[in-house]
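Open the model in your viewer and keep the sequence beside it. This tour tells you what to select at each stop and what you will find there.

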Amino acid sequence: MNKAVLMCRVSTEAQDYEAQIGDLKKYAQQKGITEFYVIATKESGYKDISERVGWLEAKQYFEEHPDYDTMIVTEISRLGRRETAIAEIKEYMERNKKSLFIKDLDLHLYDKGRKNPESDIVFSVFASMATSEMSVKKDRFMRSRRELNEQGYSIVGKVLFGYKRVRDEVRGKNK
């Protein structure tokens, strides 16, 4: 193993993936990988697997470059935010005898397609968390938004007809 696909994903155009790329290159080198192909996309992790530009590029690259037998991602959620998509990627890697590393967990899921049972369990738990994490974040955001709205504070968005925004300098928020 000395060639790997480094997969980076962020969800919005405003986000930057340069730190992910740097971390993955450093991690790959620590694992003895000397050549890497970087795939970096700005796309939602909720997209269907058939619409995920980054994953489709990785699959195509693996097919065109059989000497690349490893994929490295920063965390499982970079593969996707839906368990079904993550499971499809996992199955592809196993079926095609590819290794999969999750950097933040220092988890090596496959060794050329052979499962490590302990890693498989950890992977499954974290895949489930990648899915539920976003729903927890959305719930937390909505609670905070409701609380601020009840106090007369405004979250960014369109100013409604008949209202104007005034900055509350004490709280650093709009009213």
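**Stop 1: two helices.** Select helix α2 (residues 53-64) and helix α3 (residues 83-95). Their axes come within 12 Å and cross at roughly 5 degrees. Axes here are lines fitted to C-alpha atoms, for helices over the stretch in contact, and angles run from 0 to 180 degrees between N-to-C directions. Angles under 35 degrees count as roughly parallel, so α2 is roughly parallel to α3. Helices (H or I, at least four residues) and strands (E, at least two) are DSSP runs, numbered from the N terminus.

Now show the side chains at the contact (heavy atoms within 4.5 Å). From α2, pick W55, K59, F62 and E63; from α3, pick I89, Y92 and M93. Five of these contact residues are nonpolar, none is polar and two are charged. Ala, Val, Leu, Ile, Met, Phe, Trp, Tyr, Cys and Pro count as nonpolar, Asp, Glu, Lys and Arg as charged, and the others, Gly among them, as polar.

**Before going on.** This is a predicted model: local features need pLDDT of at least 70, side-chain atom pairs count only at pLDDT 80 or more, and totals for chains, interfaces and linings use all residues. Residues are numbered from 1 along each chain as its sequence is written, and side-chain values use heavy atoms, leaving out hydrogens and water.

**Stop 2: the whole chain.** Colour by pLDDT, the predictor's confidence in each residue, from 0 to 100. The mean is 81, and 81% of residues reach 70 or more. Confidence is highest in α2, at a mean of 96, and lowest in strand β8 (residues 173-174), at 68. Count four helices and eight strands. From the N terminus, they run β-α-β-α-β-α-β-β-β-α-β-β.

**Stop 3: the largest core.** A nonpolar core is a set of buried Ala, Val, Leu, Ile, Met, Phe, Trp, Tyr and Cys residues joined through side-chain atoms within 4.5 Å. The largest one has 25 residues. Select W55, M71, L79, M93, L100 and F123, which have the most contacts inside this core. Helix α3 gives the largest share, five residues. Next, centre on L100. Beyond its neighbours within four places in sequence, L100 is in contact with M71, L79, M93, L107, H108, L109, Y110 and F123. A second, separate core has 12 residues, including Y17, L24, I33 and F101.

Stop 4: Is R52 buried or exposed? R52 is buried, with a relative accessible area of 2%. Buried means under 20%, exposed over 50%, and partly exposed in between (1.4 Å probe, protein chains only). Look for R52 in the loop between β2 (35-42) and α2. Leaving out residues up to four places away in sequence, R52 touches R9, E43, S44, G45, K47, R78, L79 and G80.

Move to K90, in helix α3. K90 is buried too, with a relative accessible area of 13%. Beyond four places in sequence, K90 touches L109, Y110, D120, F123 and S124.

Finish at K97, in the loop between α3 and β4. K97 is exposed, at 56% relative accessible area. Most residues other than glycine have a negative phi.

Notes:
Angles under 35 degrees count as roughly parallel, over 145 as roughly antiparallel, 65 to 115 as roughly perpendicular and the rest as oblique.
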